[in-house]
Protein chains: 2
Amino acid sequence: MNDSADRRVRVQDDAGTEAFGAQLETWRLRMENALAARLPQPSRVPARLHEAMRYSVLGGGKRIRPALLFATARAVGLSEDQVEAAACAIELVHVYSLVHDDLPAMDNDDLRRGRPTCHKAYDEATALLVGDALQPLAFQLLASDPALPASPVIRLRLIDMLAQAIGTFGMAGGQAIDLAVQGTRLDIGQVEDMHARKTGAVISASVLMAAECAPPLETNLYSALTRFATAVGLAFQIQDDLLDVTGDVSTLGKATGADSERAKPTHPAIIGITASQQRVRLLHSQAINALAPFGDRADSLRSLAHWLLSRQY
Amino acid sequence: MNDSADRRVRVQDDAGTEAFGAQLETWRLRMENALAARLPQPSRVPARLHEAMRYSVLGGGKRIRPALLFATARAVGLSEDQVEAAACAIELVHVYSLVHDDLPAMDNDDLRRGRPTCHKAYDEATALLVGDALQPLAFQLLASDPALPASPVIRLRLIDMLAQAIGTFGMAGGQAIDLAVQGTRLDIGQVEDMHARKTGAVISASVLMAAECAPPLETNLYSALTRFATAVGLAFQIQDDLLDVTGDVSTLGKATGADSERAKPTHPAIIGITASQQRVRLLHSQAINALAPFGDRADSLRSLAHWLLSRQY
């Protein structure tokens with residue numbers, strides 16, 4: 001990290017962390033209500049599936065991807081209201097991916113967000129259907145949610161972006177690569193390619209879908225957001241893998257040490273903890289530098305990047 | 001079935017069955033090419049996932065839902081070209097549902113279309129991801145496939161219809177009810193409600209999405225298609241359940257007797273084989289009667305209904 005970027009990060013650190021924590025909490029509560037209103041009620045048939053969907057989506061989660069949409073909205077001059085439905089769509093596909101990834105056929109995890117995973121609290125078939133049903137709900141919100149003030153052409157663009165972000169060249173593809181490479185040796189470039197799909201694609205979509213809701217951005221602003229999102233997405237995944245090695249189960253709300261147990265190729269496993277931490281700092285600096293053309297309007301994105309990349313859970 | 005409807009069906013039977021078989025084969029080959037062109041190539045990473053998607057989608061299947069789109073297209077004055085992309089979207093979600101339904105956590109089937117099911121040919125995690133990745137591909141086609149000559153507003157309507165047809169008030173919900181009621185006693189009305197979601201919703205969507213691609217239909221024609229699709233969808237499911245009891249494994253390409261083994265409430269189980277066959281004939285007659293306002297233009301839909309409801313596999 002060069003000195004000026006390092007200084008900027010530190011200043012941000014001192015000035016804004018506490019206030020930004022309150023902002024994140026406000027956004028989290030907003031999302032809790034927004035998601036609760038859009039999920040089918042358990043009073044309607046099939047009750048158990050609707051309950052399991054609400055169990056999986058509500059009552060937990062840091063809502064990092066929605067926060068990326070809200071912070072990007074600020075940078076491009078939109079209100080939270082204008083991106084809330086898109087934030088719900090992103091969070092629903094994120095939760096679907098967690099529910100399916102936790103299944104015995106995948107990562108076989110018992111604990112998620114400090115509670116039993118969906119298939120533990122319900123059963124495997126229900127968890128499968130929860131994921132299967134969250135996907136179309138996400139696309140339905142983008143197609144027809146009345147709170148999304150987007151033209152039909154923009155709605156289609158959002159649907160296309162989400163579909164690509166979670167398809168075989170995005171999240172599902174990254175997950176497939178992750179399964180294929182367990183126990184094999186990858187170089188760090190291959191690991192970063194896998195992460196770009198597995199988590200990076202949806203992180204980037206969170207930023208770029210929010211930007212898409214605004215009047216067309218100048219090309220340099222759009223590419224600045226793309227660079228920001230790419231750097232943050234990768235740094236976020238490395239930070240996640242670092243926490244799997246160095247984190248505490250009670251703080252994380254999920255098991256640690258799982259990656260090395262499964263011989264997953266991660267940054268800490270390949271280049272070590274110290275070099276991984278350095279990589280996170282470099283990407284952090286790149287992300288902050290990318291935001292320069294936005295001036296003060298990107299302060300929320302800066303604070304969010306800082307919060308994400310220094311988190312301990 | 002009343003006499004005139006019965007006569008009409010018989011006339012249809014004598015006149016068109018062989019020619020319509022050739023039509024179905026033409027449509028099937030068209031779909032094979034259309035799907036192959038839209039599925040990601042195994043030469044691209046992740047190769048194994050792309051292979052498994054192609055294994056599951058291509059090389060088998062009667063393409064009944066695409067045939068419903070093509071036959072409806074004729075009834076409303078569209079060419080096959082104009083609904084081909086939508087037919088692909090429907091078939092992709094249908095295949096995703098088969099791949100997930102076959103998983104051990106659901107129906108645990110080893111055989112599908114005369115070949116090992118996806119999780120048998122590959123593995124459970126891959127089968128999970130195949131289904132997860134086919135869904136966004138379907139929505140992506142509706143959002144941006146260049147072969148779909150639909151306005152943005154129509155594309156959004158198609159996305160909304162598909163999302164509803166496969167969500168908790170459609171296919172995924174029907175599957176959840178199916179799981180919940182195994183071994184319980186249902187009355188025939190509850191069974192038909194379950195079928196309306198589990199298979200009926202996507203069958204109806206096949207017909208109504210094709211209709212949606214045409215210039216707005218007169219209300220009576222739209223409601224005629226709705227009645228046709230509802231009757232055919234239910235009759236198709238009863239026929240399927242009858243074949244599970246009376247069919248032959250080598251003709252069907254999948255195991256028989258599975259429903260009674262799982263104590264699934266079906267028409268044959270609740271009202272018996274003869275009454276179930278009568279119910280199919282009544283629904284068949286209702287479907288044919290519903291098409292009256294279309295005159296000759298609906299001949300393909302009539303032939304298709306006849307073929308579907310007299311099939312032995």
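1. The same surface serves both copies, since 100% of the contact residues of chain B recur in chain A.

2. The ipTM is 0.92 and the pTM is 0.92. For chain A the average pLDDT is 91, and 90% of the residues score at least 70. Residues 1–12 of chain A are another matter: pLDDT stays under 50 there, and the model has 15 contacts beyond four places in sequence for this stretch. Where pLDDT is low, the predicted coordinates should not be read in detail.

3. The interface may be described from the side of chain B. The contact takes 41 residues from chain B and 41 residues from chain A. Four helices of chain B, namely α2 (47–57), α6 (124–144), α7 (152–166) and α8 (171–181), each supply at least two residues of the side that touches chain A. The largest share of that side comes from α6(B), with 13 residues. By class, the side of chain B that touches chain A has 26 nonpolar, 10 polar and five charged residues.

4. As to the overall fold, chain A has 15 helices and two strands. Of its 313 residues, 53% count as buried. Among contacts in chain A between residues at least 6 apart in sequence, 73% join residues at least 24 apart.

5. Which residues touch the most other members of the largest nonpolar core? They are A:Ala86, A:Leu162, B:Ala86 and B:Leu162, in a core of 198 residues. Leaving aside residues up to four places away in sequence, A:Ala86 touches A:Leu69, A:Leu142, A:Leu148, A:Leu158, A:Met209, A:Ala210 and A:Cys213. In soluble globular proteins, nonpolar side chains tend to be buried together.

6. Helix α6 of chain A, residues 124–144, has 21 residues and reaches 31 Å from its first C-alpha to its last, close to the 30 Å expected at 1.5 Å a residue. Of those 21 residues, 19 are buried, so α6(A) is largely enclosed by the rest of the structure. Helix α14 of chain B, residues 273–290, has 18 residues that should span 26 Å at 1.5 Å a residue, and its end C-alpha atoms are 26 Å apart, which agrees. The buried residues of α14(B) are B:Ser276, B:Val280, B:Leu283, B:His284, B:Ser285, B:Ala287, B:Ile288 and B:Ala290.

7. Most residues other than glycine have a negative phi, and most peptide bonds are trans. In chain A, the peptide bond from A:Val45 to A:Pro46 is cis, with omega near -5°, and A:Pro46 lies in the loop between α1 (3–38) and α2 (47–57). In chain B, a cis peptide bond joins B:Val45 and B:Pro46, with omega about 0°; B:Pro46 is found in the loop between α1 (3–38) and α2 of that chain.

8. Positive phi values also call for attention. A:Asn108 has a phi near 55°, a positive value in a residue other than glycine. A:Asn108 is found in the loop between α4 (80–101) and β1 (111–112) of chain A, and is partly exposed, with 13 other C-beta atoms within 10 Å. A:Arg113, which is not a glycine either, has a positive phi of about 55°. The place of A:Arg113 is in the loop between β1 and β2 (115–116) of chain A; with 16 other C-beta atoms within 10 Å, A:Arg113 is partly exposed.

9. A last point concerns A:Ala263, found in the loop between α12 (258–261) and α13 (267–271) of chain A. Is A:Ala263 buried or partly exposed? A:Ala263 has 13 other C-beta atoms within 10 Å and is partly exposed. Its C-alpha atom is separated by 5.6 Å from that of A:Gln182, 81 residues apart along the chain. Not counting residues up to four places away in sequence, A:Ala263 touches A:Gln182 and A:Gly183.

Conventions. Residues numbered from 1 in each chain as written. Chains lettered and ligands numbered in written order. Predicted model: local features only at pLDDT ≥ 70, side-chain atom pairs only at ≥ 80, totals over all residues. Contact = placed C-beta atoms within 7 Å. pLDDT = per-residue confidence, 0-100. Core = buried A, V, L, I, M, F, W, Y, C linked by C-beta atoms within 7 Å. Buried ≥ 20, exposed ≤ 12 C-beta atoms within 10 Å, placed from the backbone. Nonpolar A, V, L, I, M, F, W, Y, C, P; charged D, E, K, R; others polar. Expected span 1.5 Å × (residues − 1).
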